[in-house]
Amino acid sequence: MSDTPVTPRSSAPAAATRRRFWDRAEVVSEPEGFAVRLDGRPVRLPGGAVLRVGSRALAEALAGEWQAAGGGGKGGDFAPSDLRLTRIAGTMLERIAPDRAAVIGVLLGYARHELLCYRVRYPALLVERQQQEWDPWLEWLRARYGVALRSTDGVMPVDQPPEALAGLQSVLEGLADGALAALGVAVPALGSLVLGLALVDGRLTAEQAMACATLDERTQMELWGQDAEQGARLEGLALDVKDAASFLALLHADS
């Protein structure tokens, strides 16, 4: 086996596993960046691209994932969930770099149904909390990017102004591939492009963004009691947001 493939987030179920046959994962500096190698062999993504990034800090973290997943010659299996940062890097290299427009289109879909724009009419506690915690981020979006989104309450949908969507498209087009890859993980977990942009902009931590995005669920559990199944689902989403924030921090650690 000359190269070792990576299973990306979108192409395999979480239960899928692959055999591991290497002793050492390491980072090698190359003219194009920092590549991860297993016993001297390059890690290749499903599309054939070499797992190589521009940040040594990120490359070291990627190599650490591979070492933890199967290093030391122990043999056995590893799953996609063992390579969470690798999957984001794979998205950056093989999905976003060759087709940024497709990813931007998907992210804009979240703006059309932006979480922060849909408000409840009751209970009064949640109405007040939505105003206190969500209004500032819609105002931040307007002040930071000149984009004003419309809000609604109850169950009625709201159409966002074409100029607002055009403005958000311009914002996304100005982001680097790595930021788009991080948004591709964080935004679906948060249900909010606005909070995702605040995360990328460094205005929110992963924990703060997740707390804001789950305001409704947290308030409902406070009023009506804990739901173990919902709590487990939120923990999984929080891990996705944390992965995205870690990826961004490592990507820019050398700059």
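**Entry 1: helix H7**

Which residues are buried in H7? I began there and found Leu193, Val194, Leu195, Gly196, Leu197, Ala198 and Leu199. I took buried as under 20% relative accessible area, exposed as over 50% and partly exposed as in between, with a 1.4 Å probe and protein chains only. Seven of the eight residues of H7 are buried, so this helix is largely enclosed by the rest of the structure. I then looked up what covers those buried residues, and the list includes H3 (100–112), H4, H5 (162–173), H6 (177–190), H8 and H10. Contact in these notes means heavy atoms within 4.5 Å.

A note to myself on sources: this is a predicted model, where local features need pLDDT of at least 70 and side-chain atom pairs count only at pLDDT 80 or more, while totals for chains, interfaces and linings use all residues. Residues are numbered from 1 along each chain as its sequence is written, and side-chain values use heavy atoms, with hydrogens and water left out.

**Entry 2: the overall count**

I counted 10 helices and nine strands in the protein. These are DSSP runs numbered from the N terminus, with helices being H or I of at least four residues and strands E of at least two. Of the 255 residues, 44% count as buried. Among contacts between residues at least 6 apart in sequence, 65% join residues at least 24 apart.

**Entry 3: H4 against H7**

Back to H7 (residues 193–200), this time with H4 as its partner: the two pack at an angle of about 65°, with their axes 10 Å apart. That makes H4 roughly perpendicular to H7. For the record, angles under 35 degrees count as roughly parallel, over 145 as roughly antiparallel, 65 to 115 as roughly perpendicular and the rest as oblique. The axes are lines fitted to C-alpha atoms, for helices over the stretch in contact, and angles run from 0 to 180 degrees between N-to-C directions.

The crossing of H4 and H7 is left-handed; that term applies if the near helix is turned anticlockwise from the far one by less than a right angle, and right-handed applies if clockwise. On the H4 side I listed Trp137, Leu138, Trp140 and Leu141, which meet Val194, Leu195, Leu197 and Ala198 of H7. By class, this contact has eight nonpolar, no polar and no charged residues. Here Ala, Val, Leu, Ile, Met, Phe, Trp, Tyr, Cys and Pro count as nonpolar, Asp, Glu, Lys and Arg as charged, and the others, Gly among them, as polar.

**Entry 4: the tryptophans of H4**

My search of the whole structure gave three aromatic pairs. In one, Trp137 and Trp140 have ring centres 5.8 Å apart and planes at 70°, so the pair is edge-to-face. Rings of Phe, Tyr and Trp (its six-membered ring) pair if their centres lie within 6.5 Å; planes under 30 degrees apart count as stacked, over 60 as edge-to-face and the rest as tilted.

Trp137 and Trp140 are three residues apart in H4 (residues 124–145), so about one helical turn separates them. Both are buried. Ring pairs link Trp137, Trp140 and Tyr145 into a cluster.

**Entry 5: Gln130, also in H4**

Is Gln130 buried or exposed? This residue of H4 counts as buried, at 0% relative accessibility. Leaving aside neighbours within four places in sequence, I found Gln130 in contact with Tyr118, Arg119, Val120, Asp135, Leu215 and Asp216.

**Entry 6: H2 against H10**

The axes of H2 (residues 84–96) and H10 (residues 228–251) come within 10 Å and cross at roughly 65°. H2 is therefore roughly perpendicular to H10, and H2 passes H10 in a right-handed crossing. H2 brings Arg84, Leu85, Ile88, Ala89 and Met92, and H10 brings Leu239, Asp240, Asp243, Ala244, Ser246, Phe247 and Leu250. I sorted this contact into eight nonpolar, one polar and three charged residues.

Most residues other than glycine have a negative phi, and most peptide bonds are trans. With that in mind, I noted a cis peptide bond between Tyr122 and Pro123, with omega about 0°. Pro123 sits in the loop between strand E8 (118–119) and H4. Asp39, not a glycine, has a positive phi of about 50°. Asp39 lies in the loop between strands E4 (33–38) and E5 (41–44) and is partly exposed, with a relative accessible area of 33%.
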